[in-house]
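Colleague: I am new to this structure and would like a close look at a single part of it. Please take me through that part slowly.

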Amino acid sequence: MISRLFTSFSNWVAQISGRPMSFAVSLIVILLWALSGPIFGFSDTWQLVVNTGTTIVTFLMVFLIQNTQNRDGAAIQAKLDELIRVSAAQNVFIGIEHLTQEELDEIRAKCEARAKTETAANQAEHRANRKAAQAAEKATS
């Protein structure tokens with residue numbers, strides 16, 4: 001129950017905070033604060049108000065944004081895993097996001113090496129096919 005409420009709340013905050021109107025409201029608040037400086041004599045309390053407010057908002061936003069990103073990342077991984085599962089891709093790639101950085105680097109290097117090998121093989125096959133087609137055309141003309 002609490003998890004669902006937090007999820008709903010963090011989704012709502014993420015949606016609201018990413019809109020241009022939210023930026024405009026924030027800008028207006030800062031401008032009003034700056035314009036109120038002469039009224040309060042640019043006192044330490046006047047400065048403390050904006051520093052405290054921005055620190056609190058930033059602190060809370062970090063957790064809300066991280067929650068949203070974690071869920072988005074998990075959803076994307078689940079979708080990719082399902083695509084891998086139902087395709088001709090290797091199922092060993094499902095769940096690799098849980099590996100260490102070193103293990104991921106090793107897998108990436110192997111994939112890149114395989115891709116280079118396949119590219120070279122495809123290019124050689126293409127050249128051979130082109131030569132064969134030219135020879136066949138020359139022989140039939």
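Colleague: Is Phe63 buried, partly exposed or exposed, and what is its relative accessible area?

Modeller: Phe63 is partly exposed, with a relative accessible area of 47%. Here buried means under 20% relative accessible area, exposed means over 50%, and partly exposed lies in between, with a 1.4 Å probe and protein chains only. This is a predicted model, in which local features need pLDDT of at least 70 and side-chain atom pairs count only at pLDDT 80 or more, while totals for chains, interfaces and linings use all residues. Residues are numbered from 1 along each chain as its sequence is written, and side-chain values use heavy atoms, with hydrogens and water left out.

Phe63 is found in helix α3; helices are DSSP runs (H or I, at least four residues), numbered from the N terminus. Phe59 lies in helix α3 as well, and because the two are four residues apart, about one helical turn separates Phe59 from Phe63. Phe59 counts as exposed, at 54% relative accessibility.

Phe63 also belongs to a nonpolar surface patch of about 520 Å², made together with Ile56, Phe59, Leu60 and Val62. Nonpolar side chains (Val, Leu, Ile, Met, Phe, Trp, Tyr) are joined within 5 Å, and like charges within 9 Å. The areas come from the Shrake-Rupley method with a 1.4 Å probe, and for residues only the protein chains shown count as cover.

Next come the aromatic rings. Rings of Phe, Tyr and Trp (its six-membered ring) pair if their centres lie within 6.5 Å; planes under 30 degrees apart count as stacked, over 60 as edge-to-face and the rest as tilted. By this rule there are four aromatic pairs. In one of them, the ring centres of Trp33 and Trp46 are 4.1 Å apart with planes at 5°, so this pair is stacked. Trp33 sits in helix α2 (residues 20-35) and Trp46 in helix α3 (residues 44-86), so the pair links distant parts of the chain, 13 residues apart. Trp33 is partly exposed at 22% relative accessible area, whereas Trp46 is buried at 10%. The rings of Phe59 and Phe63 have centres 5.1 Å apart and planes at 75°, so that pair is edge-to-face. Ring pairs also link Trp33, Phe42 and Trp46 into a cluster.

Technical notes
Patches are made of residues with over 30% relative accessible area and no salt bridge: like charges are joined within 9 Å, nonpolar side chains (Val, Leu, Ile, Met, Phe, Trp, Tyr) within 5 Å. A salt bridge is a side-chain nitrogen of Lys or Arg within 4 Å of a carboxyl oxygen of Asp or Glu.
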